[in-house]
Amino acid sequence: QVQLVESGGGLVPPGGSLRLSCAASGRNFRIYAMGWYRQAPAKQRELVARITGGGTTAYADSVKGRFTISRDNAENTVDLQMNSLKAEDTAVYYCNADGRRVFGPGYDYWGQGTQVTVSS
């Protein structure tokens, strides 16, 4: 069982920056692939960035060059640094821990979400 708690959301003007953090409790954090997803009103949840236990990263095309995902396996945290924010980045951002590849179905956990609003 993994519990995830996000923090760091808020209101920021276009061009600004925010850093989201996700703190994980539970065992074997380093085995989980960690991801940040977002969901805007009336839209489907989409992957923003993902990082494996070994540090391999992947990003949605819309955020490449602006967002950076990182993790600290000693502290059980994963962060998302968001720069050059745009209005279209406005969404609820969710932290995800995916252990299905190692542990099987059901080992997929979500945080409660944190609101990011980009507006002047």
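**Reading strands, rings and contacts**

Author: Met-34 stands opposite Ile-51, a residue of β5. This is a predicted model, in which local features need pLDDT of at least 70 and side-chain atom pairs count only at pLDDT 80 or more, while totals for chains, interfaces and linings use all residues. Residues are numbered from 1 along each chain as its sequence is written, and side-chain values use heavy atoms, with hydrogens and water left out.

Reader: With which strand does β5 pair in the antiparallel sense over 3 bridges?

Author: The partner is strand β6, residues 57-59. Ile-51 has Thr-57 as its bridge partner in β6. The hairpin of β5 and β6 has 5 residues between the strands, and Gly-55 takes a positive phi near 100° there.

Reader: In what order do the 4 strands of the open sheet stand?

Author: The order is β1-β3-β8-β7, with antiparallel pairing. At the edges are β1 (3-7) and β7 (67-72), each of which pairs on one side only. From one strand to the next the twist averages 15°; axes are lines fitted to C-alpha atoms, for helices over the stretch in contact, and angles run from 0 to 180 degrees between N-to-C directions. Within this sheet, 6 bridges join β3 (residues 18-25) to β8 (residues 77-82). One example of such partners is Ser-21 with Asp-79 in β8.

Reader: How many aromatic pairs does a search of the whole structure find?

Author: Rings of Phe, Tyr and Trp (its six-membered ring) pair if their centres lie within 6.5 Å; planes under 30 degrees apart count as stacked, over 60 as edge-to-face and the rest as tilted. The search finds 4 such pairs. In one of them, the rings of Tyr-32 and Phe-103 have centres 5.5 Å apart and planes at 35°, so the pair is tilted. Tyr-32 belongs to the loop between β3 and β4 (33-39) and Phe-103 to helix α1 (residues 100-103), so the pair ties together parts 71 residues apart in sequence. Ring pairs also link Tyr-32, Phe-103, Tyr-107 and Tyr-109 into a cluster.

Reader: Is Tyr-32 buried or exposed?

Author: Buried means under 20% relative accessible area, exposed over 50%, and partly exposed in between (1.4 Å probe, protein chains only). Tyr-32 has a relative accessible area of 4%, so this residue is buried. Phe-103, at 31%, counts as partly exposed.

Reader: Why is the pair of Tyr-37 and Trp-110 edge-to-face?

Author: The ring planes of Tyr-37 and Trp-110 stand at 65°, with centres 4.9 Å apart, so the pair is edge-to-face. Tyr-37 in strand β4 and Trp-110 in strand β10 (residues 108-110) are 73 residues apart, and the pair links these distant parts of the chain.

Reader: Over which ring does the charged end of Arg-45 sit, 4.6 Å from its centre?

Author: A charge sits over a ring if NZ of Lys or CZ of Arg is within 6 Å of the ring centre and within 35 degrees of the ring normal. The ring in question is that of Trp-110. The charged end of Arg-45 also sits over the ring of Tyr-94, 3.8 Å from its centre.

Reader: Where does Asn-96 lie?

Author: Asn-96 lies in strand β9, residues 91-98, and counts as buried at 3% relative accessibility. A polar contact is a pair of N or O atoms within 3.5 Å; within protein, one must be able to donate a hydrogen and the other to accept it, and residues adjacent in sequence count only if both atoms are side-chain atoms. A polar side-chain atom of Asn-96 is 3.0 Å from the backbone oxygen of Tyr-109. Contact means heavy atoms within 4.5 Å. Leaving aside neighbours within four places in sequence, Asn-96 is in contact with residues including Leu-4, Met-34 and Trp-110.

Reader: Which backbone nitrogen does the side chain of Thr-114 reach?

Author: The side chain of Thr-114 reaches the backbone nitrogen of Gly-9 at 3.3 Å. Thr-114 is in strand β11, residues 114-118, and counts as buried at 11% relative accessibility.

Methods
Pairing = 2+ DSSP bridges. Helix = DSSP H or I, 4+ residues; strand = E, 2+ residues; numbered from the N terminus.
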